[in-house]
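Hello,

Here is the structure I promised to pass on. Please have a look at it, and then read on for what turned up.

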Amino acid sequence: MSKHSDEFITSGECAIIYMIDPPHLVSQSIPLLLSLRKAYPTARIIPYMPMGTSGSLPNRVAEFHARLDATPRELTRELNFNRKRYNKPYKHGHKILAAAEKREGAYCIFVDTDTYLAKPFDDPRLCQPDAVAVVPESVAGFSGRFIEVWDATYAVFGLKTPEERVKMQRTGQERPPYFNAGFIAFPEVTPSGDRFGELWYDTAMTFDYEDTVDHERKRPWLDQATLPVASLRGGLRHEVMENDFNYPVDAEFLPKPSVRLYHYHGLERLRAAEHTSELESLLTKDGLFQSLDHYEAPLTKLRAAMRPLSQEVGKLAEERRALKAVSKGEEVSETMSQREAKQAIQAIQKKERAVRDELSTMHEAQFYDDDWLRFDG
């Protein structure tokens, strides 16, 4: 009889990992860890943080993780994804770096931080030496309906698009292997002898700098576009799991007793679905929080405080763009010369930097009250 994943998890042969990225994914890590520890008191749980960010994690949250024997680890590499064509870092890439970290044990399960475990993973299909266990994506966001996109993607690595087809969850359309990266169970070492996470990282990095595929398709789908390619390169097959293992909370959401992992994205979705009782029970048990609203209050207050500053940045950017054509002589202004337009742009840029700097210093910990994440005893 096949060994169930619970046996691998409780014995430490399978690690469970997720990301914390201060000031993001901080509060969300709390119910996730509580749910994991409820199911697996002795499991090897490893939260990862981007390199150089451990000092940014609020002390209370760091202590919480330490008490639950899940002390966060910093990633040993920084993100080096293509910045020539993109203005922002590729945050989704952190999960690829986390998968690539060296760990003890034979297996690993990665979960997104905006998830919680409703019941144990227990299933013999999750920990197999020749397979990656995954759940199909809702829609074919990366390739759309164009098989040529997949052909070009696999060709980068001298491979052909697999004949395998999977049904997208929401549309029911059959597409080449394409999965939601919010849940992935994989062997640390592939049949090819490569470490899976390292192979995924190499695949993503190579593909991100490749010019034969439309760069616009690579964001935000680079992780999911390269996941099945990495599997094929490693000699792994796909163990396609039911959506119970990565159950999306959306407009068509219907709670099911068979769900293992809820992917809720944001509490507003759980509230709209009137399915907050499980999460609230996790958070209020042992007096960590007074209520679900109490848990969410710091993040709500942070967003409210940031909103006018974000709006100001947007307004300044619009003003700068409006002056750009005048400064280049492409348009003529009756009230401003090219020189004056350039000076005005410089002044706006200075204001923008100041507002962005203020935004960068804001953190949810500024809004914690004395009873938020309270430890008794």
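Ile17 of strand E1 has Ile46 as its bridge partner in strand E2, and the two strands, E1 and E2 (residues 45-49), pair in the parallel sense over four bridges. The chain gets from E1 to E2 through H2, a β-α-β crossover that is right-handed, meaning clockwise from the first strand over the helix to the second when the strands point away from the viewer.

This is a predicted model, where local features need pLDDT of at least 70, side-chain atom pairs count only at pLDDT 80 or more, and totals for chains, interfaces and linings use all residues. Residues are numbered from 1 along each chain as its sequence is written, and side-chain values use heavy atoms, leaving out hydrogens and water.

Ile17 also has a bridge partner in E4, namely Phe110. E1 and E4 (residues 107-111) are parallel too, with four bridges.

How many of the six residues of E1 are buried? Six of the six are, so E1 (residues 14-19) is largely enclosed by the rest of the structure; buried means under 20% relative accessible area, with a 1.4 Å probe and protein chains only. Cys14, Ile16 and Tyr18 point one way from E1, while Ala15, Ile17 and Met19 point the other way. In general, side chains of a regular strand alternate between the two faces of the sheet.

Enjoy exploring!

Technical notes. Buried < 20%, exposed > 50% of the residue type's maximum accessible area, 1.4 Å probe, protein only. Pairing = 2+ DSSP bridges.
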